[in-house]
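Please keep the sequence and the structure in view while reading.

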Amino acid sequence: MLPLSGMGFVPKKSACVDSIWGGLLDLLYPPRCQCCQEFSADLICVECAQGFQSVEPPFCEQCGVPFDPAAIVVGVCGECREGRCALGRMRSTFYFRESVRTAIHAFKYRGCRRLFRPLGEMMGGRFPELFGNLQVQCILPVPLHPRRERERGFNQAVLLASVIGETCAIPVMSDVLHRSKFTQPQVGLTKAQRAENMRGAFTVTRGEAVREKRVLLVDDVLTTGSTIAACARILTKAGAAAVYGYTLARDK
Ligand SMILES: [Zn+2]
Ligand SMILES: [Zn+2]
């Protein structure tokens, strides 16, 4: 059986036999950009990649929430000033809009698993600028509940984290955090309901691995922020020296 995902994309050739198969498959199914569906040797074509909208300053130095460029605000936002942010620093590479949204949907829901590499490389490329001064010691992907991971076949955060770790030479640990509670999507819930929803959602299975460490949590999209905050709180409780967060995109 041919290694097709069933969703119309063709795995890229890797080794010798694979490259023969890959070549034949490329002839039969020429590779396309997963954002615009135009023929392209890359999973994300140059035009679409150029259209990805980066998150740029001004934003809160701590939680990364964008500030109105017209307002002259610097430093941290009100929430962070009141100490309500669970993360020492939160950053995202792009806004979750247009072609970024299309790419992430293709990656997570249309079975184009291979997108983890170009997307992870984009995150790794921005890492020195966003976190270079923090001496991050280990990277932890935000875990999926085992049931959801089985449905999807992979955890997108694990794949993205593996590329960032490789690019930045930082160890990735996927066995420290465990998602013990199956939660429904957080969108549409109030802040209090989200906090309640996330209560007890994660457990730390190897506390000694993060004790006294500066840890970076990685996920694909930041929506309400309650998931990554729940991970940060439990890691802090387990003795992490600092917890930072990094997502490919942010939805606000
Ligand atoms: Zn494209
Ligand atoms: Zn803030």
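Buried means under 20% relative accessible area, exposed means over 50%, and partly exposed lies in between, with a 1.4 Å probe and protein chains only. This is a predicted model, in which local features need pLDDT of at least 70 and side-chain atom pairs count only at pLDDT 80 or more, whereas totals for chains, interfaces and linings use all residues. Residues are numbered from 1 along each chain as its sequence is written, chains are lettered from A and ligands numbered from 1 in the order in which they are written, and side-chain values use heavy atoms, with hydrogens and water left out.

**Sheet**

- An open sheet is formed by 4 strands in the order β1-β6-β5-β2, with parallel pairing. Strands (E, at least two residues) and helices (H or I, at least four) are DSSP runs numbered from the N terminus, and two strands pair if DSSP finds at least two bridges between them.
- β1 (89-95) and β2 (138-141) are the edge strands; each has a single partner strand, so one side of each is left without a neighbour in the sheet.
- From one strand to the next, the twist averages 20°.
- Over 6 bridges, β1 pairs in the parallel sense with β6 (residues 242-250). In this pairing, S92 stands opposite T247 of β6.
- β2 and β5 run parallel and are joined by 4 bridges. Here I139 stands opposite L216 of β5.
- Within β2, C138 and L140 point one way while I139 and P141 point the other way, and all are buried. In a regular strand, side chains alternate between the two faces of the sheet.

- Contact means heavy atoms within 4.5 Å.
- Helix α7 (residues 156-168) also packs on the sheet, where it touches β2, β5 and β6; its direction makes about 130° with that of β5. Axes are lines fitted to C-alpha atoms, for helices over the stretch in contact, and angles run from 0 to 180 degrees between N-to-C directions.

**Nonpolar surface patch**

- I20, W21, L24 and L27 make a nonpolar surface patch of about 460 Å². Patches consist of residues with over 30% relative accessible area and no salt bridge; nonpolar side chains (Val, Leu, Ile, Met, Phe, Trp, Tyr) are joined within 5 Å, and like charges within 9 Å. Accessible areas come from the Shrake-Rupley method with a 1.4 Å probe, and for residues only the protein chains shown count as cover.
- L27 belongs to helix α1 (residues 16-28) and counts as exposed because its relative accessibility is 71%.

**Backbone and loops**

- The peptide bond from P57 to P58 is cis, with omega near 5°. P58 is in the loop between α2 (46-51) and α3 (78-81).
- Q37 is not a glycine, yet has a positive phi of about 70°. Its place is the loop between α1 and α2, and at 32% relative accessibility Q37 counts as partly exposed.
- E212, likewise not a glycine, has a positive phi of about 65°. This residue is in the loop between β4 (202-204) and β5 and counts as exposed at 63% relative accessibility.
- A86, in the loop between α3 and β1, is partly exposed, with a relative accessible area of 23%. Apart from neighbours within four places in sequence, A86 is in contact with A229, A232 and R233.

**Salt bridges**

- The whole structure holds 9 salt bridges. The criterion is a side-chain nitrogen of Lys or Arg within 4 Å of a carboxyl oxygen of Asp or Glu.
- E129 and R126 form a salt bridge (3.0 Å, N to O). Both lie in helix α5, 3 residues apart, about one turn of the helix. E129 is exposed, at a relative accessible area of 53%, whereas R126 is buried, at 11%.
- E79 and R84 meet in a salt bridge (3.2 Å, N to O). Both are partly exposed, E79 at 34% relative accessibility and R84 at 47%.
- R199 and E196 form a salt bridge in which the closest N and O atoms are 2.9 Å apart. R199 counts as exposed at 56% relative accessibility, and E196 as partly exposed at 44%.
- E79, E82, R84 and K191 are joined into one network by salt bridges that share partners.
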